[in-house]
Amino acid sequence: MRPFDYVRARDIAGAVAAAAEPGAAYLAAGTNLLDLMKGGVSRPTRLVDITRLPGLAAVTATQGGGLRIGALARNSDLAHDQAFARAYPAVAEALLSGASAQLRNAATAAGNVMQRTRCPYFADTASACNKRRPGAGCEARGGETRLSAVLGWSEHCIATHPSDFCVPLVALDAVVEIASPAGSREVPLEAFHLLPGDAPERETVLEPGELVTALRLPAEAAAFAGHSRYLKVRDRTSYAFAVVSAAAALRLDGPRIAEARLALGGVALKPWRARAAEAALAGREPDATAFRDAADAALAGATPSGDNGFKIELARRIVARALTLAAAGTPERLPALPASAFAPIPGAASP
Amino acid sequence: MTDTASRPDPAPRPLRQGSSIGQPLTRRDGVLKVTGAARYAADHSPPGMLHAVMAVSRIARGRVAHLDVAAAEAHPGVVAVMTPRNAPRLARHPDEKGDPFTFRLDLLQDDRVRYANQPVAVVVAETLEAATEGAALLAPRFEAEPPATGLDADGRFVPGAIGIGDPPDVVKGDVEAGLAAASRRIEATYETAAQYHNALEPHAVVASWDGDRLSLEMPSQGLAMAQGRIAGLFGIDPGDVHIRSPFLGGGFGSKGMVAGPQVLGIMAARLVGRPVKLVMRREQMFGPVGHRAPTRQTLRLGTDEAGALTALDHHSLTASSTFDDFFEPSGGVSHTLYAAPAIATRHEAVRLDTGTPLFMRAPGEASGSAALESAVDEMAQACGMDPLAFRLRNYAEAEPVSGKPFSSKALRECYAQGAERFGWSARPLAPRQMRDEAGLLVGWGLGTATFPALMFQAQARAELRASGDATVEIGAIDMGQGAWTSLAQIAAEELGLDIDRIDFRIGSSDLPDGGIAGGSAHTATAGAAIHGAAAQVVAQLAALATADPASPLYGAGNAGVVARGGRLLRRDDEGRGEDFVAILARAGRGAVEGRGTGAPDPAARDAYAMHAHGAVFAEVKVDPDLGQIRATRLVGAFAAGRIINPRLVRSQYYGGMIWGVSFALQEQAVMDPRSGRPMNANLAEYHVPVNADVPSLEAILVEEADPHVNPLGIKGVGEIGVTGTAGAIANAVWHATGIRVRSLPITLDRLL
């Protein structure tokens with residue numbers, strides 16, 4: 001087999017020190033990394049196993065009224081935590097719509113944020129990919145592009161970020177806590193993932209050795225609990241990545257929208273916060289016209305990166321639907337098929 | 001338990017409601033499978049065994065320019081690197097053709113690359129990890145040539161034969177005149193996607209040589225054919241090839257012929273002089289083990305004022321590889337289903353730089369039915385007729401192209417029972433009329449299912465011993481369909497013994513040739529052989545008893561007795577009988593043996609058209625804005641002659657119908673047109689239905705007695721479920737949305 005070092009970290013400082021050398025990678029559940037290693041896509045020379053770091057799986061209230069999600073919190077534990085789901089229903093819905101039950105049982109919160117793109121040209125080592133080998137070119141361009149990006153892409157990379165979890169998180173102003181060799185720092189999730197530009201190999205703001213230790217939701221995030229939904233449209237009912245998804249959260253003030261949050265998944269190399277759409281909704285009544293305007297605003301800058309123009313119109317419709325669902329109110333219980341389009345359509349004509 | 005090939009069930013504890021034909025026995029190997037005790041080929045690890053891993057081509061056409069053999073050989077644990085420079089020479093070149101089931105294999109005889117994922121080297125090592133890394137270290141470099149991809153490739157031609165030896169063009173009557181005379185006409189072109197075999201168990205082999213004697217643990221749907229092919233390649237006697245294949249993790253046609261990678265495992269064992277295991281990686285399945293080729297089918301139909309077909313023209317374009325011939329025979333369904341006075345089917349093909357397409361569950365019928373059933377629906381719509389009424393108007397009382405009567409055909413009953421159960425009569429004629437309480441569009445569609453009732457060749461041996469126990473042996477194959485159970489039920493019925501008194505042996509090439517488990521013909525063929533062997537045993541018992549003045553059966557004559565419950569009974573007076581043990585004891589016989597053969601009856605096949613039929617009713621729901629589609633309800637009513645085990649038969653229908661869901665809505669290999677490489681060669685991105693995609697399923701077993709098809713009256717059930725279903729779902733999508741999508745699978749982007 002291909003040799004690599006395996007280091008089991010005892011504490012965060014030790015982990016960060018062990019991972020500071022080039023070629024090192026952190027290992028948590030490994031649901032993504034180990035597959036990539038088997039396929040020769042990732043070839044770390046050292047794995048720093050952080051699964052035994054104490055306290056890193058904890059989910060705790062912060063002093064300011066927010067929530068701190070430890071990096072190692074399991075996707076399914078988090079989603080099935082009743083209090084969590086009540087406060088952040090769109091996040092729970094997004095978690096439960098990801099991957100499969102088996103993967104969710106293993107996969108961690110920070111691992112979800114750190115997962116790599118599903119672009120087939122990234123996964124196929126015989127293809128040119130600027131992410132895998134800077135300067136090699138992007139063979140996805142002109143190839144199979146049905147699921148490629150429509151926002152924020154560059155000629156160097158048209159891949160998308162595949163996470164569901166990150167979409168409502170970015171809408172709710174989540175913050176990434178990072179342990180660094182020099183101490184610790186934090187970055188808004190919205191600024192954590194990088195658009196490809198001319199350096200698609202650089203995927204996040206993390207510097208060598210830096211470790212995501214937690215994701216933090218601010219206190220105001222829970223204010224959207226009554227009107228928060230995640231909607232994921234995909235080619236099969238489970239175990240499929242989003243064609244396009246959206247998280248919508250509203251804070252209502254009487255008949256009007258006091259504040260709206262909106263983010264899209266499956267459209268760009270990062271979870272896509274649609275701030276222009278949010279601005280377009282503020283102060284409006286939550287109706288179809290407002291939602292259509294928001295959808296147009298959200299996709300205003302979108303362009304196909306190949307044979308995927310349909311995703312732009314689909315994204316508009318998903319935004320409008322997600323906002324409609326959010327305005328109708330968060331359901332008492334999570335739907336049987338979380339984030340599925342196969343939930344009742346508010347206001348739709350019945351026979 | 002030491003010998004799974006002969007004893008499936010060390011402690012049989014099935015829920016038993018009688019063991020004879022017609023009883024819904026649970027799988028006799030079920031406990032073994034759910035406890036992990038059933039050992040599949042790759043579960044075997046003989047002493048001294050090495051692991052083999054293939055390196056495969058990353059181009060679709062060209063040659064291997066360089067392999068870093070030294071790097072692989074230097075890797076700790078690597079024992080040998082097999083490439084064209086040292087691969088064992090074969091007694092027969094693997095490109096040499098033989099019988100119609102001999103397909104060309106890529107066995108490292110030269111450096112040519114003919115498709116992506118073609119094996120280009122095999123690394124053999126002490127561990128799987130070392131072999132895997134050794135294969136990576138080979139870092140093949142290629143000289144690539146531009147590949148031919150897609151049905152628009154140059155060089156369209158008419159193949160010499162389609163399927164296995166069928167003519168590419170079949171014409172009955174004057175289609176152009178029929179179309180010209182029609183008062184209504186439709187013409188439409190449908191596309192079906194390339195699909196790749198992905199049985200849960202990938203192809204595998206564990207090969208052990210002892211001189212020229214070869215022992216194989218290897219999943220195979222056809223043991224004697226595999227034996228013959230392997231013996232030919234290695235220049236040894238077929239009798240020296242011993243294959244054990246007691247359990248398959250799915251075959252679906254891909255294990256009908258021995259696959260190239262399996263032969264490579266055998267070659268590797270020859271090269272290193274130790275047993276070798278080779279298991280294909282999932283992504284390697286997208287190349288060397290057969291697939292369903294894409295099709296583009298143009299149908300032209302015409303009817304008179306009353307909706308009776310005047311002509312049916314079915315043109316198919318498909319693809320084979322550049323180096324071998326297999327052409328998906330999509331037009332065949334149009335020969336048998338609808339009573340048009342003029343029918344023409346034609347096939348053309350292009351050659352692509354892919355592996356050779358081969359048999360994949362209902363090859364021809366699945367893709368052809370998807371197109372034909374859609375076209376029939378469009379024709380019904382043009383006539384303003386209900387799709388079921390239209391099909392009944394054009395019901396074929398005799399096989400349309402051949403003019404032969406059907407040996408049996410209960411399709412009318414299938415339509416009636418399925419429609420009743422589904423509630424079809426409430427269907428609005430126009431599309432986009434139904435919504436559910438959630439606001440989703442609802443549509444209902446119908447497809448007719450059909451599959452020929454084939455027979456191949458098989459032999460069986462039965463022995464009844466003085467103890468009253470029997471042994472029945474046949475090299476039959478359980479690939480998940482339940483042969484361990486259903487064939488044993490046939491043996492029990494014909495011998496007049498409880499199933500637990502029979503040592504039932506299948507799944508080994510050392511047993512009498514059980515033929516191929518394919519073409520939905522295995523239960524019929526192997527069952528007929530077992531029937532014949534058992535009948536010989538009973539006849540000998542009868543001869544002993546009826547000629548013996550000491551027997552209560554004396555003088556009854558051979559035809560005057562029947563075997564049941566371990567006894568021979570007088571037909572005219574079942575109170576008079578004698579048990580097998582007493583008959584053999586008095587005759588001083590330790591055992592009696594019978595041999596039987598299953599084979600088609602040429603006279604009957606000359607006189608009759610033989611097909612199973614069915615009607616599949618589908619409900620889909622579609623999100624009106626987002627285009628997301630789900631099948632929500634399927635009712636299939638099938639008539640397939642005599643049913644040996646209704647539980648297992650339902651399971652086959654369910655599985656086939658789920659394949660239909662996959663065909664209609666999900667499954668497609670995505671090839672990069674520039675490189676010819678499949679870009680979704682994994683089960684995360686090559687979609688087949690997950691449980692949440694499987695709708696409410698119902699399979700109705702419609703009674704049908706067929707005195708002509710074979711001695712047991714059995715038609716096959718393995719493949720028919722995938723036919724009809726894909727078309728029914730496509731028709732339901734139209735009915736839900738008013739949008740006719742003519743390219744399968746129907747994905748949500750086509751409905752926006």
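Modeller: The domain bounds used here come from an automatic or database domain assignment. The model is predicted.

Biologist: Into which domains is chain B divided?

Modeller: Three stretches of assignment apply: domain 1 (42-145 + 203-279), domain 2 (291-454 + 606-751) and domain 3 (456-599). The C-alpha centres of domain 1 and domain 3 of chain B lie 40 Å apart.

Biologist: What makes the contact between domain 1 and domain 3 of chain B, and how many residues come from each?

Modeller: A pair counts as a contact if the C-beta atoms lie within 7 Å. By that test, domain 1 of chain B contributes 19 residues and domain 3 of chain B contributes 14 residues. On the domain 1 side, α5 (223-234) and β12 (241-244) of chain B are the elements giving two or more residues. By class, this domain 1 side holds 8 nonpolar, 10 polar and 1 charged residues.

Biologist: Which residues of helix α13 of chain B are called buried?

Modeller: The label requires 20 or more other C-beta atoms within 10 Å of a residue's own. In α13 (residues 580-587), B:F580, B:I583 and B:L584 are buried.

Biologist: Why are they said to be on the same side of α13(B)?

Modeller: Because they cover an arc of only 90° around the axis, they sit on the same side of α13(B). The buried residues of α13(B) pack against β20 (458-465), α12 (522-546), β24 (567-570) and β25 (573-579) of chain B. B:G588 follows α13(B), with a positive phi near 70°.

Biologist: What is the crossing of α8(B) and α16(B), left-handed or right-handed?

Modeller: The test is whether the near helix is turned clockwise from the far one by less than a right angle. The axes of α8 (residues 365-382) and α16 (residues 725-737) of chain B cross at roughly 35° and come within 7 Å. The crossing of α8(B) and α16(B) is right-handed.

Biologist: Which residues of α8(B) and α16(B) meet?

Modeller: From α8(B) come B:A366, B:S369, B:A370, B:E373, B:S374 and B:D377. From α16(B) come B:A726, B:G727, B:A728, B:A730 and B:N731. By class, this contact has 5 nonpolar, 4 polar and 2 charged residues.

Biologist: How many residues of chain B are in contact with chain A?

Modeller: The contact joins 33 residues of chain B to 32 residues of chain A. On the chain B side, α3 (128-137) and β18 (434-435) each supply at least two residues. α3(B) gives the most to that side, with 5 residues. By class, the side of chain B that touches chain A has 12 nonpolar, 7 polar and 14 charged residues.

Key
Residues numbered from 1 in each chain as written. Chains lettered and ligands numbered in written order. Predicted model: local features only at pLDDT ≥ 70, side-chain atom pairs only at ≥ 80, totals over all residues. Buried ≥ 20, exposed ≤ 12 C-beta atoms within 10 Å, placed from the backbone. Helix = DSSP H or I, 4+ residues; strand = E, 2+ residues; numbered from the N terminus. Arc of directions from axis to C-beta. Contact = placed C-beta atoms within 7 Å. Nonpolar A, V, L, I, M, F, W, Y, C, P; charged D, E, K, R; others polar. Axes fitted to C-alpha atoms, helices over the stretch in contact; angles between N-to-C directions.
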